[in-house]
Amino acid sequence: MSKSPDDKLIEELEGLRERFNRTTDRIVKDIGRQKKIMERSDKRQRQEYDELQRRFDEIERLNKEIEETQREVVFTMGAIGESRSKETGNHVRRVAEYSKLFALYYGLAEEEAELLKQASPMHDIGKVAIPDSILNKPGRLDEHEREVMNTHAQLGYEMLAYSTRPLLKLAATVAYEHHEKWDGSGYPRGLKGKDIHIGGRITALADVFDALGSERCYKNAWDDARIFELFREEKGKHFDPDLIDIFFQHIDEFLEIRDRLKDDL
Amino acid sequence: METLRLEATQYTPEIVLDPAGVIAFSGKSYPENTFDFYQPVMDWLEQYFSSELPERTVVNMEIIYFNSSSSKLFFDMFDLMEEASAEHALEVNWIYDPENESAREAGEDFIEDFDSLTLNLVEKG
């Protein structure tokens with residue numbers, strides 16, 4: 001029995017209605033889901049971002065902690081070296097600041113200058129191995145005593161040279177070379193001119209500038225005129241001539257540091 | 001049917017689709033173009049569920065993080081699975097790290113959405 005055209009039409013329409021309903025259900029379901037998906041996704045993102053933020057903060061905190069610890073260790077090590085020769089804690093701070101200023105005007109990048117600022121206070125760490133009788137002797141050292149005293153550069157280098165950290169490597173170099181002189185008459189290796197690492201050349205000048213202006217067990221503080229005269233005399237002999245030029249060009253800034261970090265009396 | 005295996009990338013999970021009845025997603029899911037990325041996976045699943053099935057199918061989902069497009073894809077996948085599970089033994093294990101709260105919550109939400117799909121929350125030991 002064949003279907004009438006009406007039956008066929010009805011069948012077709014019912015089929016269409018069924019597909020239409022299925023599609024409508026599907027769309028309604030999807031719309032409902034879309035909202036859920038977005039809300040949940042937003043929530044997940046918020047949680048993830050909060051978590052990341054927490055971790056970033058933690059990392060930043062730890063970084064600061066590391067940097068501060070490093071700074072303190074560095075100054076403490078410097079102070080240990082200096083305390084053996086009755087220097088003050090401010091001496092190492094001043095040498096640090098002078099060194100950075102020299103480094104920047106010499107043309108080193110900010111990070112290198114900062115590294116030198118932190119490394120230079122350790123230049124005398126080798127003095128921990130020098131006997132008190134020599135280190136604190138009032139008056140001049142005899143030849144043998146001078147020889148022992150001079151080993152502190154090599155000793156400081158040996159103490160720091162084990163490290164692969166940039167800071168301690170630089171500190172090792174500075175300890176090794178801060179008694180070298182531009183004309184080659186320094187110790188321990190008698191290096192000359194730019195064969196002496198810039199950190200060594202800078203620290204040498206910064207250290208001498210500060211030491212001359214301070215009282216020591218074997219001498220009184222020098223007045224500025226006398227220090228400047230010595231610098232002019234030693235330009236190109238003891239000291240890198242470029243650094244002496246920088247010193248005189250920016251003398252106000254060096255004196256400002258000296259003033260700001262002067263020793264408590 | 002052949003096994004479809006996709007290595008994990010920075011943005012996409014490792015995917016193993018084995019016609020022996022083991023389906024596994026593991027890692028993060030925030031591809032650049034999510035729908036393109038999952039197209040072969042959806043094709044495979046559709047073909048799998050319309051061919052002769054093994055005795056049972058186990059789906060292991062260990063997704064650490066996913067974007068909203070991936071979420072939509074998971075809904076579509078679970079639709080397919082829910083439909084198939086009417087006449088087939090199929091279960092989904094939503095595996096999460098106890099430290100990953102949002103992964104656990106996502107699993108809980110899916111359970112709520114799919115009444116007749118067996119979806120187990122599995123905490124990683």
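In this predicted model, strands β2(B) and β3(B) form a hairpin with three residues between them. One residue of the turn, B:G21, has a positive phi of about 110°. Strand β2 covers residues 14-18 of chain B and pairs with β3(B) in the antiparallel sense over five bridges. Within this pairing, B:D18 stands opposite B:V22 of β3(B).

**The sheet of chain B**

Strands of a sheet pair through backbone hydrogen bonds, and the pairing is either parallel or antiparallel. In chain B, six strands form an open sheet in the order β1-β2-β3-β4-β5-β6, and the pairing is mixed. Its edge strands are β1 (4-6) and β6 (118-123), each of which pairs on one side only. From one strand to the next, the twist averages 15°.

Strand β3 (residues 22-29) of chain B also runs parallel to β4(B), and eight bridges join these two strands. Two positions show how they line up: B:A24 stands opposite B:N60 of β4(B), and B:G27 stands opposite B:I63 of β4(B). Helix α1 (residues 34-50) belongs with this pair, as β3(B), α1 and β4(B) make a right-handed β-α-β unit.

| Strands | Sense | Bridges | Residues opposite each other |
|---|---|---|---|
| β2(B) and β3(B) | antiparallel | five | B:D18 and B:V22 |
| β3(B) and β4(B) | parallel | eight | B:A24 and B:N60; B:G27 and B:I63 |

**Chain B as a whole**

Chain B has three helices and six strands. Along the sequence they follow the pattern β-β-β-α-β-α-β-α-β. Chain B has 125 residues, of which 26% count as buried. Among the contacts in chain B with a separation of 6 or more, 68% are between residues 24 or more positions apart.

**One residue in β4(B)**

B:I64 lies in strand β4 (residues 56-66) of chain B. Is B:I64 buried or partly exposed? B:I64 has 15 C-beta neighbours inside 10 Å, so it counts as partly exposed; a buried residue would need 20 or more. Leaving aside neighbours within four places in sequence, B:I64 is in contact with B:G27, B:K28, B:N100 and B:A103. B:G27 is also the residue that stands opposite B:I63. The C-alpha atoms of B:I64 and B:I95 are separated by 9.1 Å, and these two residues are 31 residues apart along the chain.

**Where the chains touch**

The contact between the chains takes 10 residues from chain B and eight residues from chain A. On the side of chain B that touches chain A, the elements giving two or more residues are helices α2 (68-84) and α3 (101-113) of chain B. The residues of this side divide into three nonpolar, four polar and three charged.

**A helix in chain A**

Helix α6 of chain A has 12 residues (166-177). From its first C-alpha to its last it reaches 16 Å, close to the 16 Å expected at 1.5 Å a residue. Why is α6(A) described as largely enclosed by the rest of the structure? The reason is that nine of its 12 residues are buried. Among them are A:L168, A:L170, A:V174 and A:Y176. The run from A:L170 to A:E177 is made up of buried residues.

Terms used
Residues are numbered from 1 along each chain as its sequence is written. Chains are lettered from A and ligands numbered from 1 in the order in which they are written. This is a predicted model: local features need pLDDT of at least 70, side-chain atom pairs count only at pLDDT 80 or more; totals for chains, interfaces and linings use all residues. Helices (H or I, at least four residues) and strands (E, at least two) are DSSP runs, numbered from the N terminus. Two residues are in contact if their C-beta atoms, placed from the backbone, lie within 7 Å. The expected span of a helix is 1.5 Å times one less than its number of residues. Ala, Val, Leu, Ile, Met, Phe, Trp, Tyr, Cys and Pro count as nonpolar, Asp, Glu, Lys and Arg as charged, and the others, Gly among them, as polar. Two strands pair if DSSP finds at least two bridges between them. Axes are lines fitted to C-alpha atoms, for helices over the stretch in contact, and angles run from 0 to 180 degrees between N-to-C directions. A crossover is right-handed if, with the strands pointing away from the viewer, the path from the first strand over the helix to the second runs clockwise.
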